[in-house]
Amino acid sequence: MDAVTFQHVSKSYRTTTAVANLSLNIKQETVVALLGPNGAGKTTALSMTLGLTQPTSGTVTLLGQNPNQPRTRQRIGAMLQEVTMPDKTSVTELVNLFRSYYEHSVNTNTLLELAQLTNLEGRPVRKLSGGQQRRLQFALAMAGDPRILFLDEPTAGMDITSRQGFWKTLRRFSETEGKTIVFSTHHLDEADAAADRVLLLQNGRLIADGSPAELKTATGLRLITGSLDPKTNRTDLLALPHLASLEWQGDRFTMRSTNSDETLRSLIQGDFSVRDIEVRGGGLEDAFVALTMQNQQAQQTQQAQEADIR
């Protein structure tokens with residue numbers, strides 16, 4: 001039985017389609033990253049998975065059941081972006097309140113340790129920093145010992161040390177407890193390091209599905225970095241063959257190329273004073289940029305063809 005199933009799911013708000021005919025399965029005991037540009041449909045998809053929003057059409061199931069069934073809710077945990085907590089309640093009081101909602105809850109001390117809150121147990125919520133509040137929300141999501149954990153931008157507001165500790169804890173939790181974790185994030189390095197599988201959404205549609213390594217390989221992108229005179233005519237650089245993107249910072253440039261050999265050959269043979277050249281494989285961020293750009297260009301081409309037919 002799959003942890004999550006979407007069957008031809010769409011969600012529309014008046015004239016806007018947030019999710020369009022989305023079908024996918026997420027296996028149990030996997031860590032899945034849900035990525036996409038702003039407005040891609042990630043939060044809407046998570047909301048429908050949790051039963052907070054109903055699809056316009058199609059079916060969503062959790063562990064083969066309706067997300068709104070009480071028994072199903074006992075088996076999931078969620079850490080969402082916009083959460084209001086009673087600000088006068090202490091950390092321990094709030095954790096114990098959430099534990100009381102579940103038939104089989106996790107020990108209070110274990111939750112505080114998981115969320116790195118053991119030294120803040122008596123502090124009122126209003127006196128917690130933004131990062132500490134996010135860690136408290138993680139403890140609340142874990143209170144019922146969920147089989148599936150949903151996290152929407154979980155490290156927002158955390159400093160780099162807290163982020164690293166959070167993902168270390170989460171990965172250990174997944175591997176030792178056999179849990180399913182589905183998360184969205186704008187930190188692509190987190191998805192690259194933590195996820196077994198990446199689902200890339202754009203305009204409410206699934207445009208890529210695979211492991212981080214598979215997505216990076218599929219685009220065939222390589223990065224060319226180096227230094228040039230800042231006065232270099234950038235229009236000439238944009239004419240280089242197989243160039244996917246070009247970025248500048250001072251005299252340093254970063255090129256993404258679908259054929260680095262040909263791009264580099266033209267760069268060197270051209271009238272450019274280039275130095276300190278380095279070529280390397282692209283990362284998940286580069287694959288993200290390439291895939292979303294390719295999909296956008298394909299949509300624009302299709303729209304132009306449809307306009308010509310009319």
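Which residue forms a salt bridge with Arg163, and how far apart are the closest N and O atoms? I looked this up first. The partner is Glu190, with the closest N and O atoms 2.8 Å apart. Arg163 sits in helix α6 and Glu190 in helix α7 (residues 188–194), so this pair ties together parts that are 27 residues apart in sequence. I noted that both Arg163 and Glu190 are buried. I am working from a predicted model, not an experimental one.

**Other salt bridges**

I then went through the rest of the salt bridges; the count comes to ten. One of them joins the side chains of Lys179 and Asp145 at 3.2 Å, N to O. Lys179 is in the loop between α6 (160–177) and β7 (180–184), and Asp145 is in the loop between α5 (130–141) and β6 (148–152), so the bridge links parts 34 residues apart in sequence.

Lys216 belongs to helix α8 (residues 212–219) and Asp192 to helix α7, so the pair ties together parts 24 residues apart in sequence. Lys216 is partly exposed, with a relative accessible area of 25%. Asp192 is partly exposed as well, at 26%. Going back to Arg163, I found that salt bridges with shared partners join Arg163, Asp189 and Glu190 into one network.

**Phe253**

I picked Phe253 next, in strand β12 (residues 252–257). Is Phe253 buried or exposed? It is buried, because its relative accessibility is 1% and the cut-off for buried is under 20%. Leaving out residues up to four places away in sequence, I listed what Phe253 touches; among them are Ile224, Thr225, Leu246, Trp248, Leu267 and Val274.

**Surface**

I found a nonpolar surface patch of about 220 Å², made by Ile268, Ile277 and Val279. Ile268 lies in helix α10 (residues 260–269) and is exposed, at 52% relative accessible area.

**Whole chain**

I recorded eleven helices and 13 strands. The C-alpha trace spans about 70 × 50 × 35 Å along its principal axes. Of the 310 residues, 47% count as buried. The accessible surface is about 16100 Å², and carbon and sulfur atoms hold 45% of it. I counted 32 positive and 33 negative side chains, with the centres of the two sets 6 Å apart.

Terms used:
Residues are numbered from 1 along each chain as its sequence is written. This is a predicted model: local features need pLDDT of at least 70, side-chain atom pairs count only at pLDDT 80 or more; totals for chains, interfaces and linings use all residues. Side-chain values use heavy atoms; hydrogens and water are left out. Helices (H or I, at least four residues) and strands (E, at least two) are DSSP runs, numbered from the N terminus. Buried means under 20% relative accessible area, exposed over 50%, partly exposed in between (1.4 Å probe, protein chains only). Accessible areas come from the Shrake-Rupley method with a 1.4 Å probe; for residues, only the protein chains shown count as cover. Lys and Arg count as positive and Asp and Glu as negative; His and the chain ends are not counted. The place of a charge is taken as NZ of Lys, CZ of Arg, CG of Asp or CD of Glu. Patches are made of residues with over 30% relative accessible area and no salt bridge: like charges are joined within 9 Å, nonpolar side chains (Val, Leu, Ile, Met, Phe, Trp, Tyr) within 5 Å. A salt bridge is a side-chain nitrogen of Lys or Arg within 4 Å of a carboxyl oxygen of Asp or Glu. Contact means heavy atoms within 4.5 Å.
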